[in-house]
Amino acid sequence: MTQKRQYRSLRDAFGQFATGVTVVTALDNKKTPIGLTANSFASVSLEPALVSWCVDKSSTRFEEFSKADYFSISVLTEKQEHLSNLFASRSWDDTVFEDVPWYEGHHGVPQLPDCMARFHCKTEHVYEGGDHLIIVGAVEDYDCDPQTPLLFFHGQYKQVK
Ligand SMILES: Cc1cc2nc3c(=O)[nH]c(=O)nc-3n(C[C@H](O)[C@H](O)[C@H](O)COP(=O)(O)O)c2cc1C
């Protein structure tokens with residue numbers, strides 16, 4: 001099997017695991033809002049409260065996210081596919097936040113309204129994870145507004161049925 005086919009096949013296997021969709025937000029070193037769609041979010045620990053997500057080292061936003069002291073993770077609802085697409089757009093452009101309503105939350109981290117859960121985190125650990133970096137955050141605060149989630153499965157958005 002060629003390396004390219006191997007990646008395709010492994011990606012397909014990883015894609016059999018259905019996830020929710022989140023947007024991770026933070027401030028860069030100039031205090032400019034940044035955001036990235038991520039389905040690598042995971043709850044890690046209740047005591048202490050910890051969550052994790054993984055950032056791709058090839059992302060245009062990699063440096064900023066790997067150095068951010070604080071970040072928020074917003075869990076998207078079925079009505080927020082447009083936000084997922086917007087924050088997944090290639091080559092980060094600061095104007096993305098001009099296209100969506102947002103407000104400043106804890107430590108000035110940008111927040112997206114109407115999400116079903118938000119975790120406000122302080123970066124606690126950063127681990128090497130191959131072509132990604134694993135970022136573990138201590139949950140300083142959170143809010144929760146249960147709704148129907150946006151799902152991601154086999155490379156496509158899905159609805160809960
Ligand atoms: C549903 C979905 C989940 C994603 N999950 C992650 C993720 O967990 N980590 C990550 O670094 N990128 C993830 N991405 C990719 C980024 O959102 C974004 O598309 C990519 O980083 C764009 O390239 P750029 O950052 O170089 O501009 C995901 C994209 C989608 C659509």
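Which element gives the most to the shell around the ligand? Strand β5 does, with 4 residues. The model is predicted: local features need pLDDT of at least 70, side-chain atom pairs count only at pLDDT 80 or more, and totals for chains, interfaces and linings use all residues. Residues are numbered from 1 along each chain as its sequence is written. Helices (H or I, at least four residues) and strands (E, at least two) are DSSP runs, numbered from the N terminus.

**Ligand shell**

Around the ligand there are 19 residues, of which Ala38, Ser40, Asp56, Ser59 and Ala88 come nearest. At least two shell residues come from each of β3 (33-38) and β5 (50-56). The classes are tabulated below.

| Class | Residues in shell |
|---|---|
| Nonpolar (Ala, Val, Leu, Ile, Met, Phe, Trp, Tyr, Cys, Pro) | 9 residues |
| Polar (the others, Gly among them) | 7 residues |

**Nonpolar core**

A nonpolar core is a set of buried Ala, Val, Leu, Ile, Met, Phe, Trp, Tyr and Cys residues joined through C-beta atoms within 7 Å; buried means 20 or more other C-beta atoms within 10 Å of the residue's own. The largest such core has 26 residues, and Val23, Val24, Ala26, Phe71, Ile73 and Leu76 touch the most other members. Elements giving two or more residues to this core include β2 (22-27), β6 (70-75) and α3 (81-87).

**Phe62**

Phe62 lies in helix α2 (residues 62-67).

Notes
Near = placed C-beta within 6 Å. Buried ≥ 20, exposed ≤ 12 C-beta atoms within 10 Å, placed from the backbone.
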